[in-house]
Amino acid sequence: MSTLTPAKPARGIRSTAEKAPRAQRESPFARVSAMIVMGVFTLYFLVPIWWLLVAASKNRSQFNSTNPLWFADFSLFENIGNLIAYRDGVYLKWMLNSALYAGGGALVGTIIAGMCGYALAKYNFPGRELIFNVVLGGVLVPATALALPLFLIFSQISLTNTFWSVFLPSLVSPFGVYLARIYASASVPDELIEAARLDGAGELRTFFTVSVRMMVPALVTVFLFQFVAIWNNFFLPLIMLRDETLFPVTLGLYAWNSQVNQIPVLRDYVLIGALLSIIPLIIIFLLLQRFWRNGLSAGSVK
Amino acid sequence: MQIKKRAAAVALLTAATVVLTGCASGSTTSGGDAAACEPSEGKVDLTFTTWIPGMEDVAAVWNEENPDVQVKVQTGPNGNGGTYQNFFNQLKAGNAPDLGQIEYDALPNFRVQDGLMDLAACEGVLDAKADFVDWTWGQVNFGEDDAVYAVPQDAGPMAMFYRADLFAANNIAIPTTWEEFAVAAEAVRATGGYITNFSQSDINQFAGFVWQAGGSWFENDGDNWTIDLTSPESVKVADYWQDLIDRDLVSTNPPWTDEWNNAYNTGSNWTWNSAAWGANSIASGAPDTSGNWSVALSPQWAAGDDAAGNWGGSSTAVFKGSKHPYEAAQFALWLNTSDEALTMLNKSANLYPAAKSGLELPALKEGVEFYGGQAIYDVFAEASAQVSPDFIWGPTMTQVYNDTSDGFKGAVTGNGTLTDALTSAQQSTIDALEAQSIPVNK
């Protein structure tokens, strides 16, 4: 795969390790400073997570009195047990809700965005550009700005405080449509679609069996973006939901955190809960990054 | 170009929707508008939004005893964390819950926006006045004798938590007046510690000090609001703390942080003037100091006075639009006066009751180990009776807190003074009320 990407400067460091002649063109100074910059950023991003891990492993009395960046008595599992036991496992329910909102929303949202982008790229019909431009406009509108109007609309049809009030708005991804269109027009050859049609495949079948396979990298990207966006979306559930059993984990932890002054024990649970809540995101990224990297390099052939 | 124009149009349209739907109309209605409050026919379902943990269990007890009036508890973050904004959105959309938890300092905002049901006509509500500590009733009727906009739930009478061991070991007398407090502060500073921490962002605490000094920040004559952040009492309190800050006799850690906890845990901070609910905050923030704390009544402005401030506390309100105000009011009364409910709430959320009978709960008569076995809630019960009924909150407290806190943060770093902060908050509060078309006396 890396042989496909000689022209990408961002991948230079790895390439230099593989190909000796190119190394001479980069001065040691450039390499060292690049490493330093990356090292600093890595630290910047990882230290808070490290802190979270360490803090979550302490019991409450050690939390204030010991070094914040190193372990004291290791009681992480005990803490996790307490968290899960608190209020009959409401935390697990939140995690499950988040997984449903984010997993289901991202999956359906990706399919919709993929089909929509594909249609915009491959079919000629009147109003195509208009639709695309409206969708593009949607990219510019922040989701937070839509939460309140959505609440009022959902109130009209008595759907607030339901699973659907968070799930349905999560299905829409204008950026996904945009990406899918760009990618489909670049990577799905018209000839291939033509060939599939000649072989007697219907449009849907062509899409799902031929085009989707070629669009996988774009679709994975859309899925990841959408998954992370829904997982982190906090404002919409905050406005829509009142029933604790429907909360996603972000809202639940926020609600706990706002009560810490009155119920100090919640502070521990917020910390441990925050730590556990990033694990699914890490897993998704690790599982899907293979596709993603493929996608980046595939684009560079052009 | 075409893309840009369309995108701009879409964005504009959305923004307009937000503005249209988001801004609340600032209408004031004055006087009681008590509608008839009749029992409903048949089985009634009520919804109750609160952020108090364990409320489901309390509601379950009620539901057990009242099969015809079933209460469903809904939850969310604390009021200023988003639940109040949700209430306003829901009131606008017409699907507010029947009952909601509202802190005293937020009640005027809901009143001004006409979101509260006047419960005066509901059976037993006016008579319940005698069941509650006097000043808490003033917080829910805004001084109107024939109106009741919520039922008091909990209160935060203030007293002084102090390190009994350190005061004794260093032969420093426990201050009973603010003058003695300042003298003791010098003695404490000489040992290397600080007598207390001045909080730059707990403006409610500062308001509690002003409350104790006999001041009030707001006044409402039925139509117009008068804003008085710079009343003589308020300035007196500000000058007092400014002096302690200037002489480096109090620390200025941001409250509720590790730094702040640590200062108490390591014994470098000796006292905390706080509310009844603060007892657990110290116990959890400074676990190593268990057994060394005691509680005394707050220092007074003049020797022999008996005044206390209040910090926090909330009420149970019935929202406009509730179809079952009668049943909702009955539940609110039961929730906040029955020993059973109050005991459960105290256990699950450390609520300190606003009901007189609640102060006599067995749970609030016991000695507390963290405080060397002292029955600390006896002190708070005494303080609760000393809180003045005259302190009134304004309709834009979030803004007042933010603006004052901005000024206080400057003051503790030597940028301006606390009085400057109050002066500028006074003006910005007037502006904020006028921006919402709420009439202001200038």
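Me: Okay, which domains is chain B divided into?

Reply: Chain B has domain 1 (32-155 + 312-367) and domain 2 (158-310 + 390-441), with bounds that come from an automatic or database domain assignment. This is a predicted model, in which local features need pLDDT of at least 70 and side-chain atom pairs count only at pLDDT 80 or more, while totals for chains, interfaces and linings use all residues. Residues are numbered from 1 along each chain as its sequence is written, and chains are lettered from A and ligands numbered from 1 in the order in which they are written.

Me: How many residues does each domain of chain B give to the contact?

Reply: Domain 1 of chain B and domain 2 of chain B give 14 residues each, where contact means that the C-beta atoms of two residues, placed from the backbone, lie within 7 Å.

Me: And which elements supply the domain 1 side?

Reply: Helix 4 (107-112) and strand 9 (310-318) of chain B each supply at least two residues there, and helix 4 of chain B has the largest share, with four residues. Helices (H or I, at least four residues) and strands (E, at least two) are DSSP runs, numbered from the N terminus.

Me: Switching to the two chains, how many residues does the contact take from each?

Reply: It takes 32 residues from chain A and 40 residues from chain B.

Me: Which helix gives the largest share on the chain A side?

Reply: That is helix 8 of chain A, with seven residues.
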